Amino acid sequence: MKILVVGSGGREFALGRKIKSFDENRKIFFAPGNAGTEDIGENVDIQADDLEGLLEFAKKNNIDFTVVGPENPLCDGISDLFEENGLKIFGPVKKAAEFENSKSFTKKFLEKYDIKTAKYLESKDFDESYDFANKLLEENGKVVVKRDGLAAGKGVYIVDNADDLKKILQDVLDKDDMVVIEQFLDGFEMSLLCFTDSKTILPLPTAKDHKKIFERETGANTGGMGTYAPNVEAEVFVDRIKNSVLDKILTGLKEENIDFRGLLFIGFMITDDGIYVLEFNARFGDPETQVVLELIDNDLLDIMMKTSEGKLSDVDLKINDNKALCVVVSAGGYPESYDKGDEITISKMDSVVFHAGTKKVDGKIVTNGGRVLNIVNSKKNFDDVIKACYEDIEKVDFKNMYHRTDIGPRVKRVYVRKKDEYDYESKEKKKQIENLLGIDLDKFVIYKRYDLEISDDNLA
C-alpha cells in the first residue's frame, strides 16, 4: 500500500512512523519530509502548499491514501481537490477547515450550540477593539488577543498592560484586518484530539502542551515546546467534556451541514467556573500528536481510513496505560530569528528522535527550522519517562540548541489534618513516638500527606 504524508515536521514524522509500525511493507512518501523521514520512507521535493503538485504526484504514483499534517493545505482545499479527482485523503474539506482558518467562525459556532467559551469581540476597528480589550484588562488584569487567521500556532497573545495592548492590536489588524478579543480565563489547559466523521466523535487520550518558550510558562508563544500524555490533571473531566462539548459539536455539525471527516483538535481551559473551549483546529496538533500516538494500540491508518469513509463507529479504540513525554529541542532564538544549516550530531539513546526542522546536506544532518528535534519516550510512569528524555537530550548537539527543562507533570503535596475528635490514628502514632523518644508531643499535630501529579503552571 502506498501512503503520502503531506508536511515536514515532527508531527508528520510521528504519523508516518505510526503507520509504518503496523506494516513494514507500506510504502510511505513524505512531501517534503525532513532528514529523519528518509529513514522510514521516501522524501519527495513537493511543498505542502503545492496542491496541484501533490495531486499530480498522487495520481502518477498510484497513491492509495494521503494524510495531511499542516493546516494550510487543508484550509486551501486539498481534500476537496483530491476527492474531486477520485483520490482518498484524510483531512476535512475546506468548509470544515474553516474552524482552523477563522477564530471568529469557531466562536460563533460555540455560542450558537451552547458550548461554553470566553466572552469575546471580533472587530476590524482599532478603537472598538481597544475599548473592549481595555475594559477586560482592567477587570481581570489580563486580556487575550487573537489573530483571526492562520498563525502557525503563534497567533495568541496574553496581554497585561495597556501599552502592549495598543501595539499588539495594531499589529494584528495590519496582518489580518480582523482581531478577536477574549476574556482571560484562569485555570489549566488541556488538549484533546478527536477523530470525527460528523456522525461519531472519538476522543483520544488527553495531553498537555507547553506553549511558552521559557520555563514556568513565561516568554513568547511558540508552536509548542513539549507535551505529555495523559494530562493527569484533566482526566477526571473527560466524561463531562463528552456531555457538555463533544455531543453538542456533533449536533452543530449536523445542523450546519458541515462535512467534517478528519481530526478535530480542541483546546480547553478548565476553571473553577467550568469547562471552556479555547479553540478548534482542523488537524493533528504538534507536538501533541507525538505523545498521544504512543498511547494508542490501534492501526492508525485503519482509524483514518474509516474516518474518511464515514465508518468511524466501526473503530474499537485501544488505549494502553503508558505515560508519554515529548521535549522539543529548538534552535537558539526561536520563536524569533534563528540560524539554519548548523550540523547536528545524535548519539544512540533510549528515546526516539522525531525529526522536525532538519534536512540533509552532503550526507550531514543540519538544522532547517525553529523546532529542530522532538525527544519522545513512553514508559509505565512519568518519573522514568522524564528521566530518560532529559538524559537523552544530552546526547544531542548543535550550535545554540535550546530546550525547556520543566516539561512533564509535577507533584503537588497536600497535607490534610483530621479533626481532633476523629483523629484516632494520630493519637496512637503520637504515643508510639513519645514512648520511643521520651518526649512530649502534645502540642504537635500530625498531618497526612497526599502527592498529586499536576501541570507545572499551577505551581507558578
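R216 is partly exposed, with a relative accessible area of 41%, where buried means under 20% relative accessible area, exposed means over 50% and partly exposed lies in between, computed with a 1.4 Å probe on protein chains only. R216 lies in the loop between β13 and β14 (218-221), and its phi is near 60 degrees, a positive value in a residue other than glycine. Most residues other than glycine have a negative phi, and most peptide bonds are trans. The model is a predicted one, in which local features need pLDDT of at least 70 and side-chain atom pairs count only at pLDDT 80 or more, while totals for chains, interfaces and linings use all residues. Residues are numbered from 1 along each chain as its sequence is written, and side-chain values use heavy atoms, with hydrogens and water left out.

A positive phi of about 55 degrees is also found at N257, which is not a glycine. N257 sits in the loop between α9 and β16 (262-271), and at 61% relative accessibility N257 counts as exposed. Helices (H or I, at least four residues) and strands (E, at least two) are DSSP runs, numbered from the N terminus.

Two cis peptide bonds can be looked at next. One runs from A229 to P230, with omega near 0 degrees, and P230 is placed in the loop between β15 and α9 (238-255). Another joins D286 and P287, with omega about 20 degrees; P287 belongs to the loop between β17 (274-281) and α10 (288-292).

A229 also leads back into strand β15 (residues 226-229), which is covered on both faces: G226 and Y228 on one side, and T227 and A229 on the other, are all buried. Strands of a sheet pair through backbone hydrogen bonds, either parallel or antiparallel. Two strands are taken as paired if DSSP finds at least two bridges between them. Strand β12 (residues 208-209) runs antiparallel to β15 and is joined to it by 2 bridges, with D209 standing opposite T227. Strand β18 (residues 323-330) pairs with β15 in the antiparallel sense over 4 bridges, and here V327 is the bridge partner of G226.

Elsewhere in the chain, 4 strands form an open sheet with antiparallel pairing, in the order β6-β9-β7-β8. Its edge strands, β6 (120-123) and β8 (156-159), each pair on one side only. Neighbouring strands of this sheet are turned by 20 degrees against each other on average, direction ignored. Within the sheet, strand β7 (residues 143-147) and strand β9 (residues 179-183) run antiparallel and are joined by 5 bridges, with V145 having I181 of β9 as its bridge partner.

Two helices lie across this sheet. Helix α7 (residues 126-140) lies across β6, β7, β8 and β9 and runs at about 20 degrees to β9, whereas helix α8 (residues 162-176) lies across β6, β7, β8 and β9 and runs at about 20 degrees to β7. Axes here are lines fitted to C-alpha atoms, for helices over the stretch in contact, and angles run from 0 to 180 degrees between N-to-C directions.

The axes of helix α1 (residues 10-21) and helix α11 (residues 300-308) come within 7 Å and cross at roughly 105 degrees. The two helices are therefore roughly perpendicular to each other, a label that covers angles of 65 to 115 degrees, beside roughly parallel (under 35), roughly antiparallel (over 145) and oblique for the rest. The contact, meaning heavy atoms within 4.5 Å, is made by L15, K18 and I19 of α1 and L300, L301 and M304 of α11.

The structure also holds 16 aromatic pairs, where rings of Phe, Tyr and Trp (its six-membered ring) pair if their centres lie within 6.5 Å, and planes under 30 degrees apart count as stacked, over 60 as edge-to-face and the rest as tilted. The rings of F214 and Y402 have their centres 6.3 Å apart and their planes at 85 degrees, so this pair is edge-to-face. It links distant parts of the chain, 188 residues apart, with F214 in strand β13 (residues 212-214) and Y402 in the loop between β24 (396-397) and β25 (410-416). F214 is partly exposed at a relative accessible area of 43%, and Y402 is partly exposed at 21%. Finally, F99, F105, F109, Y113, F260 and F280 form one aromatic cluster.
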